[in-house]
Structure formats: C-alpha cells, structure tokens
Amino acid sequence: VQLQASGGGLVQAGGSMRLSCAASGRTFSDGVMGWFRQAPGKEREFVARIRWSGSITYYADSVRGRFTISRDNAKNTVYLQMSNLKPEDTAVYYCAAGTVWSLYGTSYNYWGQGTQVTVSS
C-alpha cells in the first residue's frame with residue numbers, strides 16, 4: 001500500500017488550502033483514512049478521519065468547523081479541505097490508512113510521506 005500526500009504550501013492566515021492523499025496498492029472498499037499533523041517540537045496529533053464507505057467523519061476539536069475531510073472512491077483519494085487557517089495549523093500533515101475507527105496513530109497501518117503546511121500571520 002502506498003499513500004501519496006500532496007497540496008501543502010504557504011498560505012496566509014485566514015486562507016484556504018486543500019490536501020490530497022492518493023492511495024494505491026490495494027482495494028479500499030472498506031477501512032478508514034485519517035489525517036494527522038505534527039508541528040515542530042510537538043507530538044503528532046489527530047486531525048480528521050473518514051470511512052471509505054458511508055458518510056461518517058470525525059474531527060479534532062481544534063479543526064472542527066474549519067476543516068472538511070472527504071473522499072473520492074473512484075480515485076482512491078481522500079481530501080482535507082482547510083479553511084480559515086491559523087498560524088497554529090502550521091505542521092507537516094500526514095495521511096494514514098487503517099481498518100480501525102480510531103484517532104490514535106498507532107491504529108493506522110500505512111502512512112504517507114507528509115506534506116508541509118505553513119500558515120503565516
């Protein structure tokens with residue numbers, strides 16, 4: 001399984017950005033995709049997750065109402081639309097795939113390489 005994250009960059013506070021995570025190497029008709037992030041000097045933290053089937057999503061309190069996770073099953077791709085970005089959203093963002101509906105990174109089996117998001121004030 002390979003996960004390829006893309007879409008990061010530099011944006012001003014209040015701006016928007018969309019991250020993509022393309023999955024390949026297996027069929028993702030079930031399971032869970034998650035987004036995590038890690039800021040310098042901080043531990044990795046959960047951001048959002050979504051099932052490949054159904055419409056259930058879940059967000060960290062810090063991003064709820066500003067970020068939206070979605071998927072395109074035909075493209076095996078998961079997106080993270082980020083709006084009203086804040087400097088504290090600056091981090092390396094990782095996508096991950098697993099089979100357990102969990103906010104813990106240890107529950108995910110596969111990880112993308114990460115993409116840097118920098119929000120300037």
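Is Y104 buried or exposed? Y104 is exposed, with a relative accessible area of 57%; exposed means over 50%, buried under 20%, and partly exposed in between, using a 1.4 Å probe and protein chains only.

This is a predicted model, where local features need pLDDT of at least 70, side-chain atom pairs count only at pLDDT 80 or more, and totals for chains, interfaces and linings use all residues. Residues are numbered from 1 along each chain as its sequence is written, and side-chain values use heavy atoms, without hydrogens or water.

View 1. Y104 lies in the loop between strand 9 and strand 10 (108–111). Strands are DSSP runs (E, at least two residues), numbered from the N terminus.

**View 2. The largest nonpolar core.** This core has 34 residues. A nonpolar core joins buried Ala, Val, Leu, Ile, Met, Phe, Trp, Tyr and Cys residues through side-chain atoms within 4.5 Å. W35, L80, M82 and Y93 have the most contacts inside it. Strand 9 (91–98) is among the elements giving two or more residues. Strand 9 gives the most, with five residues.

**View 3. The surroundings of D89.** D89 sits in the loop between strand 8 and strand 9. D89 counts as buried because its relative accessibility is 1%. Its side chain makes a polar contact of 2.9 Å with the side chain of R37. Such a contact is a pair of N or O atoms within 3.5 Å; within protein, one must be able to donate a hydrogen and the other to accept it, and residues adjacent in sequence count only if both atoms are side-chain atoms. The D89 side chain also reaches the backbone nitrogen of K86 at 2.8 Å.

Conventions
Helices (H or I, at least four residues) and strands (E, at least two) are DSSP runs, numbered from the N terminus.
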